[in-house]
Amino acid sequence: MKLTTTDLTPRIGTEIRADREALLKGTHAAAIRDLLERRGVVIFPEVRFNDEEQLAFSKTLGEVIPQGEKGIFKVTLDRNENKMAEYLKGGFFWHIDGSTDDVPTRASLLSARHLSQTGGQTEFANTYAPYEDLPESEKKALEKLRVIHTIESIQRKIYPDPTPQQVEGWHAYKPKSHPLVWTHLSGRKSLVLGSTASHIEGMDLEAGRALLARLEEWSTQPRFVYQHKWKLGDLLIWDNTGAMHRVLPYAADSGRMMHRTTLVGEEELV
Ligand SMILES: [Fe+2]
């Protein structure tokens, strides 16, 4: 059974077309995992999996985290559908999921169930490529640095004047120190950035933040980014260990609904 692939940009994003049944049976699982690692995000246009199919397909690629209802987490800003809706607005800013965990999730599969009339495109930035393109001297300097990640850092971008209850909620998540450069088991290296990056350990606060801002700007140049303009029934997978993502803002009452399944992390961030 054939797997047809088309690279969507030189540095990130590949479209995959394959027989639905073969995908569900896991026939191409090894090839898909390999593509994911090399291309950051893979897209299955209008494959139209229902929840059971999305779960079955996810299980061919790794272990599914039991989130949401039976593993299906609803990504929506509608509070009636997801009590975490307020937090999900943090997704308007570049981030990796689980960046305050020891082992960030491996990958997520997202399928479009209802679209917003405006906004809602999802963007992915490769985090290997911008590291690989840095001068050798800067690579060496960055490898020595560690970054403190907090939920507060990303949430403050949405809620600059939080209530004491909001701050208390953010502080329930412990700050996490990660190296700025992740050396993967494969030997490849990537930058660990995103809006949860609060400051650099042992560096003047403002100087550290300026460096993080400069690196984020470098890493999200158009040549490292793929923007997905959704069609109903599209399913995509992003490598959460080798890409950052964000969603372009959309209205909370737009009805936008994505169903997400997430694969357990397999590699400690070191
Ligand atoms: Fe996310």
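This report walks through a predicted protein model, from its overall build down to single residues.

## Before you start

Residue numbers start from 1 along each chain, following the sequence as written. Since this is a predicted model, local features need pLDDT of at least 70 and side-chain atom pairs count only at pLDDT 80 or more, while totals for chains, interfaces and linings use all residues.

## The whole protein

Let's begin with the big picture. The protein has nine helices and 15 strands; helices (H or I, at least four residues) and strands (E, at least two) are DSSP runs, numbered from the N terminus. Its radius of gyration is 18 Å, close to the 18 Å that the globule rule gives for 270 residues, so the protein is as compact as a globular protein of that length. That radius is taken over C-alpha atoms, and the globule rule is 2.2 Å times the number of residues to the power 0.38. Along the principal axes, the C-alpha atoms fill a box of roughly 55 × 45 × 30 Å.

Of the 270 residues, 39% are buried. Here, "buried" means that 20 or more other C-beta atoms lie within 10 Å of a residue's own, "exposed" means 12 or fewer, and "partly exposed" is in between, with C-beta atoms placed from the backbone. Look at contacts with a separation of 6 or more, and 81% of them link residues 24 or more positions apart. Two residues are in contact if their C-beta atoms, placed from the backbone, lie within 7 Å.

## The nonpolar core

Which residues touch the most other members of the largest nonpolar core? They are Val41, Val42, Phe124, Leu236 and Ile237, in a core of 52 residues. A nonpolar core is a set of buried Ala, Val, Leu, Ile, Met, Phe, Trp, Tyr and Cys residues joined through C-beta atoms within 7 Å. In soluble globular proteins, nonpolar side chains tend to be buried together.

Val41 makes a handy place to look around. Setting aside neighbours within four places in sequence, Val41 is in contact with Ile12, Gly13, Phe124, Tyr226, Leu236, Ile237, Trp238, Asp239 and Ala243.

Now for a helix. In α3, the residues Gln54, Phe57, Ser58 and Leu61 are buried. They cover an arc of only 105 degrees around the axis, so they sit on the same side of α3. The arc is that of the directions from the helix axis to the C-beta atoms. An α-helix has 3.6 residues a turn, so residues three or four places apart point the same way.

What do the buried residues of α3 pack against? Their partners are the helices α1 (20-25) and α2 (29-39), plus the strands β5 (107-114), β13 (235-239) and β15 (257-263).

## A three-stranded sheet

Next, find the open sheet with the strand order β8-β7-β11, where the pairing is antiparallel. The edges belong to β8 and β11, each with a single partner strand, so one side of each is left without a neighbour in the sheet. From one strand to the next, the twist averages 35 degrees. Axes are lines fitted to C-alpha atoms, for helices over the stretch in contact, and angles run from 0 to 180 degrees between N-to-C directions.

Strands count as paired if DSSP finds at least two bridges between them. Four bridges link β7 to β8 (residues 176-179), and three join β7 to β11 (residues 197-200). Val147 of β7 stands opposite His178 in β8 and opposite Ile200 in β11, while His149 stands opposite Lys176 in β8. Val147 and His149 make up the covered face of β7 (residues 146-149), and Arg146 and Ile148 the uncovered one.

## Loop residues worth a look

Most residues other than glycine have a negative phi. Glu46, in the loop between β3 (41-44) and α3 (51-61), has a positive phi near 45 degrees. Lys70, in the loop between α3 and β4, has a positive phi near 50 degrees. Glu46 is exposed, with 10 other C-beta atoms within 10 Å, and Lys70 is exposed with 11.

Glu63 also lies in the loop between α3 and β4. With 13 C-beta neighbours inside 10 Å, Glu63 counts as partly exposed. Beyond four places in sequence, Glu63 is in contact with Leu263 and Val264. Lys83, in the loop between β4 (73-75) and α4 (85-88), counts as exposed with 8 C-beta neighbours inside 10 Å.
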